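Here's a quick tour for anyone meeting this structure for the first time. Have a look at the model, then read on for the main points.

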2 protein chains.
Amino acid sequence: MTSPTSSHSLKSLLNPRSVAVIGASEDQTKFGGRLYKTLLQHHYDGAVYPINPTRDQLFGLKTYPSVTDTPQAPDMVVMALPRDKVKDEIAACAARGAKAGIIITSKFSDAGPEGLALEREVVATAAAHGMRLIGPNCLGLISPANKLVLCSSPAVNVPQLIEAPIGFISQSGALMGTLFDRSYGMGIGFSHCVSVGNQADLELNDFVEFLIEDERTQVICSYVEGIKTPQRFVELARRARAAGKPWLMVKAGATDDGRRAAYSHTASLAGDFAALKAICERENVVLMDDPLDMLSLARAMVRYPRRQVRNVAVFTTSGGGGAITADQLSRAGVGLSTFSDATMAALSEHYSEGQGANPIDVGGRKPDATSDIGAVTAELALADPGVDLGLMVLTTAPDVPGLTRQMADGADRPAAGGKPTLYVMLPGRVAAPAREFLVQRSLPYVDTLAEAMAVLRGWKAWLSYQEPAAPVRPADMAATPVPAAGTLGEAASKTLLGQAGIPVNIERLVRSADEAAEAAAELGFPLVLKVVSPDIAHKSDVGGVALNILDPDDLRRRLALMQASV
Amino acid sequence: MTSPTSSHSLKSLLNPRSVAVIGASEDQTKFGGRLYKTLLQHHYDGAVYPINPTRDQLFGLKTYPSVTDTPQAPDMVVMALPRDKVKDEIAACAARGAKAGIIITSKFSDAGPEGLALEREVVATAAAHGMRLIGPNCLGLISPANKLVLCSSPAVNVPQLIEAPIGFISQSGALMGTLFDRSYGMGIGFSHCVSVGNQADLELNDFVEFLIEDERTQVICSYVEGIKTPQRFVELARRARAAGKPWLMVKAGATDDGRRAAYSHTASLAGDFAALKAICERENVVLMDDPLDMLSLARAMVRYPRRQVRNVAVFTTSGGGGAITADQLSRAGVGLSTFSDATMAALSEHYSEGQGANPIDVGGRKPDATSDIGAVTAELALADPGVDLGLMVLTTAPDVPGLTRQMADGADRPAAGGKPTLYVMLPGRVAAPAREFLVQRSLPYVDTLAEAMAVLRGWKAWLSYQEPAAPVRPADMAATPVPAAGTLGEAASKTLLGQAGIPVNIERLVRSADEAAEAAAELGFPLVLKVVSPDIAHKSDVGGVALNILDPDDLRRRLALMQASV
């Protein structure tokens, strides 16, 4: 509706020095009562102005009959009034000089044309005084980083907020509360959570921009129904990438049924999912199916920034668990590492014949194996150069907490190189103390193999991103001669395409293994190797194409193979 | 190794009148100590003979120096001796007249040729006296139906076993313990759980046969690495089907990595997964990816035997949750019901415009809606003839337990027709009392949408099974003339195929809508309708094929369409 705010001003909006709670009360059956109590409970250190014309004080704080009576203009106001009273109250707040307001009330643009018209009037009323709005039809915000909770969900009724560098912007208030609750139980914290509702004024992208610049946020999570400003979305994705901050997203409306449901929820047009998916892939925004998995991935990314997760070593307390895990990794497209001979030899000192391979079942240890077998195994396997990540699949065993601690200790030893670990806690009650230990040690865990696979898939997708090549654009189209009839070679075809403004990949023509190595050093890996010969039009038919070359040795080996076969 | 036991004798083997615990002790760091204590703890009502040459009594029970000293021959013995002592002990037990033994010890056929040779000797030693064996390399059994726990897993250290008509046969002991633990936390019980280990004597199929005949088991769950007797597997699948007992299976070794891992675990050859999958589809054994999902499905099937689950109504406390659920149902191939006009009209009395559609967000109710909106909504939607199942997707909301109770009450009302419901409890802590309520009411729930989708997919697969047509086999091949060159009609082709012993589907040639209706009444639905004409070889090119006709109305409508288009 209005021009995008700068994230600088949003930063101060989201960190107000004072908050007025319209309709504050002590009655916990009412929205204003729960919201007010929650705000006080989490030690917000700005001024709080409860607004209630019928009371002198509430929970010991002086109460004001209206926002015009507060000692200073509040930076932020929050309200859940009946819909018909919202516009007048916003007018009063804006006139008083409030900088921002949260409108919880629903039935605006989410309830048809009449509500939409009213919503526009409310935004215009606020904008006339420079006041910005969050909502309507939202659940407010939860900012552990600012000790600021403006949200009535029972989810925020916790003894202590957990602060962690994970920001979460949600187009669904109930999902925000739900995920906050579920995350809290798993020891996952946040910097800021914002429920954007109908996005009448401030929209999802405004908050994403804020999170990109926010130094207390490292990973951005989002639940999205519709994107209001797609071009800005692309720009922000690039800025997030440049800042090294992963942006994860669950998008409702991937299917026809989901699209209809999203529309009836916040009147968001979900748009074409295939197009969004293509954009997300190009811009390295990680799309996930499930919001819980998104938060588990965020926790893992925060714990292990920028580590590789291509190939996995599985440690387990169950041979069966190892077999199922191997199946699921294969299906998820995540590699099960093959241990080096040195690793196998070192493990064979502790494991029975054939048991020191990946996945490793700790139950396969020798009868006289060392008592800290969990630590030794984790250290040895993670030290293997072909292993990027340790996946600890714990089943019910005599001492799950002790073994979990051993594995964590082993992974902490210098030889393990600080490589990431992810724990899959399959037991229920038996693993409760182990889960607590993992939270204390800030080690990421999930409760099912399916969650682990979703985390690894998303993590790998983010890490394996390749910047798209810049398109080669023509200075002068006329300089390109139209080719004669016949087959055009690859290099000539690409020149022609590039000159017409169509992006082509970068290439170098090389004549020997040494030239290839030199070009590779310049271009970086992975690479594709192709034969160039006027005699060969269909290169792959004759073994003249080698894909996904990963390093200099691979390049030499596969060039030799190609020279032999073509 | 030996001939299959009859399930009649297995029934008495698994319900022994006396158990000897070899190596019993009070030391809870030792296997024999944990196992012995657990057996006493769960009030097994047969005789218990602790065997320990160094003690007079253990936990108040008289102890015997050896199995030869017990007052009677024990029906069952259980042992976790070092491998080298197993054969002699089995020999002593067999000679004493023990009917069955459980060998926990590993490193037999799971540890190479030498172990395999020893394993065969042990089985032969037992068989010489008619003694049957479970294991080796197993975790024993847990039979809530018999109050018999012969298992040392910490998972069975619970105040009270939960009995439910779910049997579970596992080729992995650790997974059995883990799933028992996780299930216990969700209120899921069992009739019998058996860990089969290396299946040296009694094998998976023996126990499946027992469960098919066991009157306290309705649903059979299995974790399988390799199938020893495939033909018997097929026979048992048919018997389970005939008995109306769903058989669910998680199979390790679906991928190359999984196959290798399964082999190193119990030396099982996982076999070709595609072939097994085809057999399971043909025989209606439901393959699942995750063992936890398998148990959640078993609980739902036990609660709602033989109810349809094709089309789902979604009730939620979050529009966003509804949208994601709609997406996931689409991906899982489960239908989102379209409410009838009558249902929509009834809901519109309680919901704002456009909000009384599927998925229904309870938050879309009218401001003055009835206070038991959850009950009214569940009743109205489940009463819709197009709805088979209610999927309740609960997010964090002010009174999740109260709303959950309302939904359960509404689903219980007569108009709702006893249709199945499945609750998806997305919140953490906030939903804990609601989870307890669901367990008390025996209502199935899961904790994530992914689990719900796996349950619905598997459930639908089981219910939508169609008995394969019996093949028509030739009495006399010579009677079939070899056709002349040219195109052979469908009926003639099928006759020829059938006479050659190749199964063909059953068909009737009809000449009118009435004849079609009559044939349909005889054959049952679903049906395929095809045009028969010597002028038409490629029927579907001309609109001459109609698939998946579901009822008589559908048949008449689509026959008329075909007559108009061909």
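How many bridges join strand 12 of chain A to strand 13 of chain A? Five bridges do, and these two strands run parallel. Keep in mind that this is a predicted model.

**Chain A overall**
- Chain A is built with 19 helices and 22 strands.
- Its C-alpha trace spans about 90 × 80 × 40 Å along the principal axes.
- Chain A has 566 residues, and 56% of them count as buried.
- If you take the contacts in chain A with a separation of 6 or more, 71% come from residues 24 or more positions apart.

**A seven-stranded sheet in chain A**
- Seven strands of chain A make an open sheet with mixed pairing, in the order 9-8-11-10-12-13-14.
- At the edges you'll find strand 9 (148-150) and strand 14 (285-288) of chain A, each pairing on one side only.
- On average, neighbouring strands of this sheet are turned by 15° against each other, direction ignored.
- Helix 6 (residues 204-213) of chain A packs on the sheet, where it touches strand 10 (166-170), strand 11 (193-195), strand 12 and strand 13 of chain A.
- The direction of helix 6 of chain A makes about 175° with that of strand 10 of chain A.
- To zoom in on one bridge, look at A:Y223, whose partner in strand 13 of chain A is A:V250.

**A five-stranded sheet in chain B**
- Chain B has an open sheet of five strands in the order 2-1-5-6-7, and the pairing here is parallel.
- Strand 2 (47-51) and strand 7 (132-134) of chain B each have a single partner strand, so one side of each is left without a neighbour in the sheet.
- Neighbouring strands of this sheet are turned by 20° against each other on average, direction ignored.
- Strand 1 (residues 18-22) of chain B pairs with strand 2 of chain B over five bridges, in the parallel sense.
- B:I22 is opposite B:I51, which sits in strand 2 of chain B.
- Helix 2 (residues 31-41) of chain B lies across strand 1, strand 2 and strand 5 (76-79) of chain B, and runs at about 160° to strand 1 of chain B.

**The largest nonpolar core**
- The largest nonpolar core holds 186 residues, and A:L391, A:Y423, A:W459, B:L391, B:Y423 and B:W459 touch the most other members.
- Helix 16 (residues 449-463) of chain A gives the most to this core, with nine residues.
- Leaving out residues up to four places away in sequence, B:Y423 touches a list of residues that includes B:M392, B:M407, B:L438, B:P444 and B:V446.

**Where the chains meet**
- Chain B and chain A each put 74 residues into the contact.
- About 4,800 Å² is buried between chain B and chain A, with 52% of it on carbon and sulfur atoms.
- B:D181, B:R182 and B:R429 supply 12% of the area that chain B buries against chain A, more than any other three residues.
- Four salt bridges are counted between chain B and chain A.
- The side chains of B:R331 and A:D289 meet in a salt bridge, at 3.6 Å from N to O.

**Salt bridges**
- Over all chains, the whole structure has 54 salt bridges.
- B:E203 and B:R232 form a salt bridge with their closest N and O atoms 3.4 Å apart.
- B:E203 is in the loop between strand 11 and helix 6 of chain B, while B:R232 is in helix 7 (residues 230-242) of chain B, so the pair ties together parts that are 29 residues apart in sequence.
- B:E203 and B:R232 are both buried.
- B:R241 forms a salt bridge with B:E283, and here the closest N and O atoms are 2.9 Å apart.
- B:R241 lies in helix 7 of chain B and B:E283 in helix 9 (residues 273-283) of chain B, so this pair ties together parts 42 residues apart in sequence.
- In chain A, a network of salt bridges links A:E203, A:D206, A:E209, A:E213, A:R232 and A:R239.

Note on methods
Residues numbered from 1 in each chain as written. Chains lettered and ligands numbered in written order. Predicted model: local features only at pLDDT ≥ 70, side-chain atom pairs only at ≥ 80, totals over all residues. Heavy atoms only, no water. Core = buried A, V, L, I, M, F, W, Y, C linked by side-chain atoms within 4.5 Å. Buried < 20%, exposed > 50% of the residue type's maximum accessible area, 1.4 Å probe, protein only. Helix = DSSP H or I, 4+ residues; strand = E, 2+ residues; numbered from the N terminus. Contact = heavy atoms within 4.5 Å. Pairing = 2+ DSSP bridges. Axes fitted to C-alpha atoms, helices over the stretch in contact; angles between N-to-C directions. Buried area = accessible area lost by both parts, 1.4 Å probe.
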